Amino acid sequence: MRFFLAIASLAIFSSCIAQKETTTSKKSTSIKELTFSTPESVSKTLSYLASDELEGRDTGSEGIEKASIFLENILKENSVKPYFKTYRDTLSNYDKTSYNIVGYIEGSDPKLKNEFVIIGAHYDHIGKINAVNGDDIGNGANDNASGSTAVTEVVKYFAKAKNNKRSLLFVFFSAEEKGLLGSKHLAQKLKKQNMDLYFMFNFEMIGVPMVRKDMLLYLTGFGKTNMAQTMNEYAGEKLIGYIPAETQYQLFRASDNYPFFTEFEVPAQTVSTFDFENFEFYHQPDDEFELMDPTHMTNVVNKMIPVLEKMINSPTKEIQIKK
């Protein structure tokens, strides 16, 4: 994915230093082992999205069309409505017919339902590439079938719980690898509609755990908002941290959160567990399902759902850009 394109040729980055945060608050007690997702459910989705059948999910390809149908079916099976006339949001800025997949759950609160939260991940990858040991498919299990799988698990929870006070858009972005084209297109489109967007939350490369154990995920644009601190307060523990590579390589600008930040000027950030030490097959054929850790991914989902729920249902817009 484009998220780490600028630094794909770099050697292992090993100087990550955590930024101290306050992780306790009266807002929440510690979230322990709550179960919303299972490794079996995660594996089922992830193994298909990363399968050879989809041929690397290149934007505009037959393979990504199969992924589109698969993701649409998950939304349908969970009675999640399309936000537009259909689930497909056709890109206006790419020469091949391509789609973001967009699902919608209306908020339950009479006032707060007019505010929106976007939860997303890109589902495209790079398709056929130079062969390594006879394998020429860039399956993109970590990049970013893992993030897309996390979104499907969050979809299933909120579709069943029906407890979101704000309205939700679940977006699977296309053409991220082509320059964030899917998110750029959708952010501009929704801005023209004068959407009242509270925040955008994006999953990227969460397929394997971080080497360091003092955080579960790191957040891009860590210092730009109070999102990380608020999430840790809601969790009652340190789930979200900072690594210097996020700043050094400007990762905040490198994924689908960024167009929403620039268009709406609201908190829009990405979480990831790719820490420059734990995965060496970025944009390579060996980015395969077999190297992923579904138990870790399930833990990410199970930790994030109650935190996202509190973010979505807060009485006021507590997460804000730092001035």
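These legends go with several close-up views of a predicted model.

Local features here need pLDDT of at least 70 and side-chain atom pairs count only at pLDDT 80 or more, while totals for chains, interfaces and linings use all residues. Residues are numbered from 1 along each chain as its sequence is written, and side-chain values use heavy atoms, with hydrogens and water left out.

**View 1. Phenylalanine 36 meets tyrosine 157.** A search of the whole structure finds 18 aromatic pairs; rings of Phe, Tyr and Trp (its six-membered ring) pair if their centres lie within 6.5 Å, and planes under 30 degrees apart count as stacked, over 60 as edge-to-face and the rest as tilted. Here the ring centres of phenylalanine 36 and tyrosine 157 are 5.0 Å apart and the planes stand at 75 degrees, so this pair is edge-to-face. Phenylalanine 36 belongs to the segment before α1 (39–49) and tyrosine 157 to helix α3 (residues 141–161), so the pair ties together parts 121 residues apart in sequence. Helices (H or I, at least four residues) and strands (E, at least two) are DSSP runs, numbered from the N terminus. Tyrosine 157 is buried, at 18% relative accessible area, whereas phenylalanine 36, at 31%, is partly exposed. Buried means under 20% relative accessible area, exposed over 50%, and partly exposed in between (1.4 Å probe, protein chains only).

**View 2. Two phenylalanines form a tilted pair.** The rings of phenylalanine 173 and phenylalanine 260 are 5.9 Å apart, centre to centre, with 55 degrees between the planes. Phenylalanine 173 is in strand β7 (residues 167–173) and phenylalanine 260 in helix α7 (residues 258–264), 87 residues apart. Both residues are buried.

**View 3. An aromatic cluster, and charges over rings.** Tyr83, Phe84, Tyr104 and Phe116 make up one aromatic cluster. Lysine 189 lies over the face of phenylalanine 84, 4.1 Å from the ring centre. In another spot to look at, the charged end of arginine 88 sits over the ring of tyrosine 99, 4.6 Å from its centre. A charge sits over a ring if NZ of Lys or CZ of Arg is within 6 Å of the ring centre and within 35 degrees of the ring normal.

**View 4. Strand β8 pairs with β4 and with β11.** In strand β8 (residues 196–203), 7 of the 8 residues are buried, so the strand is largely enclosed by the rest of the structure. Strand β4 (residues 115–122) runs parallel to β8, joined by 6 bridges; isoleucine 119 has phenylalanine 201 in β8 as its bridge partner. Strand β11 (residues 268–272) also pairs with β8 in the parallel sense, over 4 bridges, and alanine 268 in β11 stands opposite methionine 200. Two strands pair if DSSP finds at least two bridges between them.
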